[in-house]
Amino acid sequence: LELESRLRQALAQEQLQLHYQPQADIATGRIIGAEALLRWNDPQEGAISPARFIPVAESSGLIGPLGEWVLRQVCQQGQRWLDAGLPAITLAVNVSPRQFQLTDLVASTRTALAETGFPASQLELEITESALAERFEEVLKVLEGLQGLGLHLAVDDFGTGYSSLAHLKRFPIDVLKIDQSFIRDIPHHCDDMAISAAIIAMGHSMALKVLAEGVETQEQLAFLVERGCDSYQGYLLSRPLPAADFALLLQKQA
Ligand code: G
Ligand code: G
Ligand code: MN
Ligand code: NA
């Protein structure tokens, strides 16, 4: 079967899983959130990366129901953790630009929150910077609708997408996520250090929080601490974890 039909089946038969990558406060080192990342274990092929199947889902339109499934799963999981007495943290969900066009993102998010009881204030949607570069008025309307639900908005892969600062200023954004490509070569690349420092300073001057992605070494973390970055995620802290493992980690620090 083609990838698209297999993905359709996997979604229907609940063969998709979400893993959770911890995000920590830079000053205290405490876990304050997690990014939900899709995992697909195909019976024949083994693990298939979202980098491969998300584009297929986007071009086939399957991203609509798939995106709704992810939102609902994450809200349900988050509410279960709250019910189990785990500390309140933010759960971040990746949103594809196609979900803006194909679905009523505001309505499906409102439904996921209402049906699971998960507090909107603990949900964060990640929009890639490139998605913000197109159809300004349409995107603005959706983001304002999402903000009206009380959730948070993060710009994913920031620094790679050519969004204009004039536009960025008008979007109701809470967090910039520095793309991992700028973190990878710290402290060996002066340009990357300059870019990362500039993003932190710019974000703060716009009253945004800044999170660094892809942090793998103590040196990278030390640089980010020195520059006043707010939070980070990456293999140094933890890889994306199955839900049960993430819950154990969260419980340990409670
Ligand atoms: O987890 P990994 O690094 O393999 O993810 C690869 C890419 O797939 C990343 O760009 C990530 O944002 C994207 N991705 C992972 N999970 C989801 C999801 O639930 N929805 C969307 N739209 N993209 C996702
Ligand atoms: O595009 P987005 O930022 O959503 O993608 C996140 C991707 O980055 C996920 O696939 C995740 O598995 C991966 N990732 C997370 N932390 C690290 C890291 O420290 N190093 C590398 N190379 N990849 C990471
Ligand atoms: Mn992301
Ligand atoms: Na990213």
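Which handedness does the crossing of α3 and α5 have, left-handed or right-handed? The crossing is right-handed. A crossing counts as right-handed if the near helix is turned clockwise from the far one by less than a right angle, and as left-handed if anticlockwise. This is a predicted model: local features need pLDDT of at least 70, side-chain atom pairs count only at pLDDT 80 or more, and totals for chains, interfaces and linings use all residues. Residues are numbered from 1 along each chain as its sequence is written, while chains are lettered from A and ligands numbered from 1 in the order in which they are written.

**View 1. Confidence of the model.** The chain averages a pLDDT of 95. pLDDT is the predictor's confidence in each residue, from 0 to 100. A score of at least 70 is reached by 100% of the residues. For the complex, the predictor gives an ipTM of 0.97 and a pTM of 0.97.

**View 2. Helix α3 against helix α5.** Helix α3 spans residues 63-83. Helices (H or I, at least four residues) and strands (E, at least two) are DSSP runs, numbered from the N terminus. The axes of α3 and α5 come within 9 Å and cross at roughly 30°. Axes are lines fitted to C-alpha atoms, for helices over the stretch in contact; angles run from 0 to 180 degrees between N-to-C directions. That angle makes α3 roughly parallel to α5. Angles under 35 degrees count as roughly parallel, over 145 as roughly antiparallel, 65 to 115 as roughly perpendicular and the rest as oblique. From α3, the contact uses E68, L71, R72, C75, Q76 and Q79; from α5, S108, T109, A112, L113 and T116. Contact requires C-beta atoms, placed from the backbone, to lie within 7 Å. By class, this contact has four nonpolar, five polar and two charged residues. Ala, Val, Leu, Ile, Met, Phe, Trp, Tyr, Cys and Pro count as nonpolar, Asp, Glu, Lys and Arg as charged, and the others, Gly among them, as polar.

**View 3. Helix α5 against helix α7.** Helix α5 (residues 105-116) packs on helix α7 (residues 136-149) at an angle of about 15°, with axes 9 Å apart. The two are therefore roughly parallel to each other. α5 passes α7 in a right-handed crossing. L105, V106, T109, R110 and L113 in α5 meet V142, G145, L146 and L149 in α7. These residues divide into six nonpolar, two polar and one charged.

**View 4. Helix α1 against helix α2.** The axes of α1 (residues 3-12) and α2 come within 10 Å and cross at roughly 95°. α1 and α2 are therefore roughly perpendicular to each other. L3, E4 and L7 in α1 meet F53, V56, A57 and S60 in α2. Five of the contact residues are nonpolar, one is polar and one is charged.

**View 5. The shell around ligand 1.** Ligand 1 is surrounded by L37, L38, S49, P50, A51, I54, V70, N94, V95, S96 and P240. A residue is near a molecule if its C-beta atom, placed from the backbone, lies within 6 Å of it. α2 (50-60), β2 (31-42) and β4 (90-95) each supply at least two shell residues. α2 gives the most, with three. The shell has eight nonpolar, three polar and no charged residues.

**View 6. The shell around ligand 2.** Of 13 residues around ligand 2, N94, G214, E216, G234 and Y235 come nearest. The shell has four nonpolar, five polar and four charged residues.

**View 7. Backbone details.** The peptide bond from I186 to P187 is cis, with omega near 10°. P187 sits in the loop between α9 (180-183) and α10 (190-205). D157 lies in strand β6 (residues 152-158). Its phi is near 55°, a positive value in a residue other than glycine.

Notes. Contact = placed C-beta atoms within 7 Å.
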